[in-house]
Amino acid sequence: NNPKDLDKYIVRVDSPLDNPRYSVRLASKSSDGKSAYFRYLWKLEENIKPEVIFKTYFNCSDEIFYVGGCKVLDSLKISALIKPKWRQQYFNDYTYFQDIVFLDSLHGIASSDWRGLFKTADGGDTWTQDNGSFSGTTRSDTYNLCFFDNKVGFVEVTNDYAYFTTNGGQNFEYDEWQPPIGGHQSVRDFYMTDANTIFAVGNNAALSRSTNRGKSWQKYVGFNFINNLRSIQCADKNICYACGDAGKILRTDNAGENWIDLPINLNNDLYTIYTISRDEVLMGGRGGALLKTVDGGQNWQRLYTGIGSDILAIRFFDNQHGLVVGAQGEIMSTADGGASWKTMVIAGYGVNYLTKAIIKDDHSVLALSNYQILKYDLNLK
């Protein structure tokens, strides 16, 4: 009950002194006349769950303490768990990665424009270069990957030509194919609604459809704008959405025969789409822009995740629970349909800049960063 006695209280740190990996130091000590406050800084190491014990003494000088003459009045144990950083799963100075897909929980393919295809059979933990996949030739120039299911798909090569697979990427074979737009890497994204029907979007409002697996294309000519289109995704065979620069959003209800422009009050470039259902759709893009509609695009709501970089990937596991990934490695989760978001990974935590990301499932995210394939494991439960 004597305020002057507060200066005689001291806190000593116990367990870290036995292990130099843990660094704990007193930052400040203060008093309000009733209580004494001790503020500590604790430097922690990744992937370690350390514990620190703070012990309180009264009128205990160093001389008395070191001869065992001090009595512990109280103690407090504090433990911490450091989230792991993004892990580099593969690195090569001469491999510039372009795209990544997963065919099931274990098998995935990554493309690069200098070293061709890379494959994983363990969920993305290890990757092996496999240019022998191309029948009769080897290719090092691989770009967009597109699959209808876990068997049928194709990989784009130079000048927007393609090689098809019907066995999940074990072999890719060249078939009769015409470039859908024209010009090397003029296609920004592909989408397959069945084994033969392919959509392609790209530069200068280009949007084409093939119903014969790329042998011929029908280019849509009904647009009066020149925005680059960057992504396309379909909810079913008839309803598809596309998006692009300066907030451009499009929808078709008849398998691409006609497209309608869905104007929004947004100037951000849009890069990625996720369709929860025919009418519930999310789109993400530059500067953390994230939009959601629940009425097929008639109205759009801006969602604020806290991500400041470009949004590269969106995935929802039902209409409430989902993840988004930013270009600085941010990962955010929602449990209420996007009304609020929880930070799972902060920006720059083990990565500098991502060029592509894929949310494999509710606990695994993989990403590309120039010469690297990276992975982050998390648990939302």
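Together, Tyr9, Phe58 and Leu73 expose about 260 Å² of accessible area as a nonpolar patch on the surface. Patches are made of residues with over 30% relative accessible area and no salt bridge, with nonpolar side chains (Val, Leu, Ile, Met, Phe, Trp, Tyr) joined within 5 Å and like charges within 9 Å. A salt bridge is a side-chain nitrogen of Lys or Arg within 4 Å of a carboxyl oxygen of Asp or Glu. Areas come from the Shrake-Rupley method with a 1.4 Å probe, and for residues only the protein chains shown count as cover.

This is a predicted model, in which local features need pLDDT of at least 70 and side-chain atom pairs count only at pLDDT 80 or more, while totals for chains, interfaces and linings use all residues. Residues are numbered from 1 along each chain as its sequence is written, and side-chain values use heavy atoms, with hydrogens and water left out.

Leu73 lies in the loop between α1 (62–66) and β5 (74–79); helices (H or I, at least four residues) and strands (E, at least two) are DSSP runs, numbered from the N terminus. Leu73 counts as partly exposed because its relative accessibility is 48%, where buried means under 20%, exposed over 50% and partly exposed in between.

The structure holds 24 aromatic pairs. Rings of Phe, Tyr and Trp (its six-membered ring) pair if their centres lie within 6.5 Å; planes under 30 degrees apart are stacked, over 60 edge-to-face, and the rest tilted. Phe199 and Trp259 are edge-to-face because their planes stand at 85°, with ring centres 6.2 Å apart. Phe199 is in strand β16 (residues 198–202) and Trp259 in the loop between β21 (248–252) and β22 (260–261), 60 residues apart. Phe199 is buried at 1% relative accessibility, and Trp259 is buried at 7%. Ring pairs also link Phe154, Phe164, Trp177, Phe190 and Trp217 into a cluster.

Two charged ends sit over rings (NZ of Lys or CZ of Arg within 6 Å of the ring centre and within 35 degrees of the ring normal).

| Charged residue | Ring | Distance to ring centre |
|---|---|---|
| Arg213 | Phe164 | 4.2 Å |
| Lys360 | Phe102 | 5.5 Å |

Phe102 is also the bridge partner of Gly108 in β8. Five of the five residues of β8 (residues 108–112) are buried, so the strand is largely enclosed by the rest of the structure. Five bridges join β8 to antiparallel β7 (residues 97–102), and five join β8 to antiparallel β9 (residues 116–120); strands pair if DSSP finds at least two bridges between them.

Definitions and conventions. Buried < 20%, exposed > 50% of the residue type's maximum accessible area, 1.4 Å probe, protein only.
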